[in-house]
Amino acid sequence: MEKELYDSAQSRLKAGNYESAIFSLEALERRFPFGRYAEQAQAELIYAYYMNYNFEQAISAADRFISLHPRHPHIDYAYYLKGLAGFRDDVNFFSRFIEDNASMKDVSQAQSSFEDLSEFLDRFPNSVYAPHAKQRLIFLRNLLAKHEIYVSNFYIDRGAYIAAAARARYVIEHLPNTPQTPYALSILIEAYGILDYPDLRDINLKILNTNFSTKKKPLSI
């Protein structure tokens, strides 16, 4: 019976029938928790959940696998899928945050995915999955920086210049090397000018003019 459940799960995974594969893998783990296929079933559940868009379950399954099998030869795969499960790479992802009152929108999912993938790369820099993880990190870093710039402009428009400057500084200090950097500098120049901090304004103006050939206005989305 154990072998039959495992073979059934494999067939369903190969066919892309992830919901049925999850049913077989969960049954296999439940009925034979110490069987010869239990460990493999736990690993494949992470993948099946992810492919079936059950992202929270994929993260939980990855955490469980990492806890139970910290020295597994393919533990990097669990960390990798955990990071991927935090977001979906599609054109609608950013639009969920950039709407009316966007400063109130929650980007914790994207932030969590960014942190998980960063941890993965720190632990397994030579993993076969590292190149793809790096590309996802670039996407997420740009996404988070865009959101910070949007919120910073939100504060500028409402005269909350200290809050706007804080958001812009966060982009420069914690999300460097993104296309949003010159926008962040421009916001700092504007905010410090209004707040009458000429020294800080001039420092950021010099950085902008030195590193970017054309002065950019704050991003408007």
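Reader: What is the relative accessible area of Asp63?
Author: The model is predicted, and the values given here are computed from it. Buried means under 20% and exposed means over 50%. Asp63 falls between these limits and therefore counts as partly exposed, with a relative accessible area of 36%.

Reader: With which residue does the side chain of Asp63 meet in a salt bridge?
Author: Side chains of opposite charge can pair when their charged atoms come close. A salt bridge requires a side-chain nitrogen of Lys or Arg within 4 Å of a carboxyl oxygen of Asp or Glu. The N to O distance here is 2.7 Å, and the partner of Asp63 is Lys82.

Reader: Which helices hold Asp63 and Lys82?
Author: The side chains of Asp63 and Lys82 meet in a salt bridge. The two residues are 19 residues apart in sequence, so the pair ties together separate parts, with Asp63 in helix α4 and Lys82 in helix α5.

Reader: Is Lys82 buried or exposed?
Author: The limit for a buried residue is a relative accessible area under 20%. Lys82 has a value of 16%, which means that Lys82 is buried.

Reader: How many of the residues of helix α5 are buried?
Author: Helix α5 spans residues 75–84 and is mostly covered. Its buried residues include Tyr79, Tyr80, Leu81 and Lys82. Among the elements that cover them are α3, α4, α6 and α7. Of the 10 residues of α5, the number buried is nine.

Reader: How far away is the nearest side chain of opposite charge to Asp116?
Author: Asp116 lies in helix α6 and is in contact with Lys82 and Gly83, leaving aside its neighbours within four places in sequence. A salt bridge needs the charged atoms to be within 4 Å. Asp116 is buried yet has no salt bridge, and the nearest side chain of opposite charge, that of Lys82, is at a distance of 4.1 Å.

Reader: How far apart are the closest N and O atoms of Lys3 and Asp7?
Author: Both residues lie in helix α1, four residues apart, about one turn of the helix. An α-helix has 3.6 residues a turn, so residues three or four places apart point the same way. Lys3 is partly exposed, with a relative accessible area of 43%, and Asp7 is also partly exposed, at 33%. The two residues form a salt bridge, and their closest N and O atoms are apart by 2.7 Å.

Reader: Are α8 and α9 roughly parallel or antiparallel to each other?
Author: Two packed helices are described by the angle between their axes and the distance between the axes. The axes of α8 and α9 come within 9 Å and cross at roughly 150°. Angles over 145 degrees count as roughly antiparallel. The relation of α8 to α9 is therefore roughly antiparallel.

Reader: What is the relative accessibility of Val171?
Author: Val171 lies in helix α8. Leaving aside its neighbours within four places in sequence, Val171 is in contact with residues including Ala145, Glu148, Ile149 and Ala184. Val171 counts as buried because its relative accessibility is 0%.

Reader: What is the phi of Tyr53, which is not a glycine?
Author: Most residues other than glycine have a negative phi. Tyr53 lies in the loop between α3 and α4, and counts as exposed at 54% relative accessibility. Its phi is positive, at about 65°.

Reader: In which loop does Asp196 lie?
Author: Asp196 has a positive phi of about 65° although it is not a glycine. At 57% relative accessibility, Asp196 counts as exposed. The loop that holds Asp196 is the one between α9 and α10.

How values were computed. Residues numbered from 1 in each chain as written. Predicted model: local features only at pLDDT ≥ 70, side-chain atom pairs only at ≥ 80, totals over all residues. Heavy atoms only, no water. Buried < 20%, exposed > 50% of the residue type's maximum accessible area, 1.4 Å probe, protein only. Lys, Arg positive; Asp, Glu negative; His and termini not counted. Contact = heavy atoms within 4.5 Å. Axes fitted to C-alpha atoms, helices over the stretch in contact; angles between N-to-C directions. Parallel < 35°, antiparallel > 145°, perpendicular 65-115°, else oblique.
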